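Here is a short briefing on charged side chains and how they pair. Look over the sequence and the model, then read on.

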Amino acid sequence: MSINPGAAEFPHRQIAAQLRERIRRGDWAPGERLPSIPAIAEMFGVAKQTVQRTVDQLRVEGLLITKPGSGTYVRGTRRRLNRLSRGRYGAHRGYHSDLAARYRQHLAEVGRAPAPPEVADAFGVRDGTELVVRRYIVRTEDVPVEVGASWFRVDDAGGTGLERREAFGRPLYQEAEEVTGRRYVSATDTISARQPSREEAEILQIRPDTPVLHLLHVAFDDAHRPIEVAQATWPGPMTTLTEEYKIPAPTPDPDPDPGLALG
C-alpha cells in the first residue's frame, strides 16, 4: 500500500480509497479490528494525523466505528433497504418473513408523548398535542440500523393494545386496523436528509456529523384521514433505499375527430 505524493488527491483521501477497497473486497470483515493508527501510518509512510483524518472520513461514511480504549472496527457493508410504503405493506397484505429474518425490531418505549412538529402537522393538530407513541430500534447482526416511532391519536389508540408494551404476532398496521376499525387505504412517504439528533447518534452509534436519512410515513383511511404517522431514521452512508415499480406502456394517441378530418 502506498500513496502518490505528486497526485492532486490529498494523501488521506488516497489512503481512504485503498482502505475502502480492502473493506469492500473482504480483506477486513464486518466486526474485525483494523491495525492501529500508528501501524497504518507506518504502512503508508505518513504522519499519524494523516491516518486519523482518513479514519474520521471513513467513520462519517459509515464504514468504520471507533470503540474507545479498544480500536477501530469495520462497521459493515452497505445494506439495501426496502421499507417504504409498498415494501411495508406488500402486494399481499401481511407479514414479511424476509424482512423479519434480516432485521430484528426491539420495542423500546410505549406510552403518551407530545407530538413533534412534523407528526403534529401530519395529523393536523397543534404541536405538543398528546399522542400515543410506540418507539422501536431495529438491529441486524446486533448492530442498530434504524430508530423509529409510530404515532396514533389518543381517541383511536388510548386504552387499547396499541398503548401497551407488547409485541404483536402480526404487522402493526393490522393491529391498528382492528383496534380503530379503519382500514389503511393509502400512504405517503417523505424522505429527507439531515444531521442526527444527539439521541439518534448515540443509539445508531454514529458520529454527530454523520448524515441520516429520515422517513415520514403517513397512512390514511378511505376518507383520507391519517390513521398512523410513522418515523424512521437510518445512518445515511450505510443505507440504500430501493423501490421497484412497473412503468406503464405508452398508449397510442386517439384518432382525430373523423368529422374534422373530412372537412
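Glutamate 109 is partly exposed, at 37% relative accessibility; that class lies between buried (under 20% relative accessible area) and exposed (over 50%), using a 1.4 Å probe and protein chains only. This is a predicted model: local features need pLDDT of at least 70, side-chain atom pairs count only at pLDDT 80 or more, and totals for chains, interfaces and linings use all residues. Residues are numbered from 1 along each chain as its sequence is written, and side-chain values use heavy atoms, leaving out hydrogens and water.

**Salt bridges**

- The count comes to 15 salt bridges, each a side-chain nitrogen of Lys or Arg within 4 Å of a carboxyl oxygen of Asp or Glu.
- Glutamate 109 pairs with arginine 135, with the closest N and O atoms 3.4 Å apart.
- Arginine 135 sits in strand S5 (residues 130-140) and glutamate 109 in strand S4 (residues 104-114), so the pair ties together parts 26 residues apart in sequence. Strands are DSSP runs (E, at least two residues), numbered from the N terminus.
- Arginine 135 is partly exposed too, at 28%.
- Arginine 170 and glutamate 175 form another salt bridge, at 2.9 Å between the closest N and O atoms. Glutamate 175 is buried at 12%, while arginine 170 is partly exposed at 28%.

**A linked network**

- Salt bridges link Asp156, Arg182, Asp221 and Arg225 in a network.
- Within it, aspartate 221 and arginine 225 have their closest N and O atoms 2.9 Å apart.
- Aspartate 221 is buried, at 2%. Arginine 225 is partly exposed, at 46%.

**Whole protein**

- Of 263 residues, 41% count as buried.

Notes. Helices (H or I, at least four residues) and strands (E, at least two) are DSSP runs, numbered from the N terminus.
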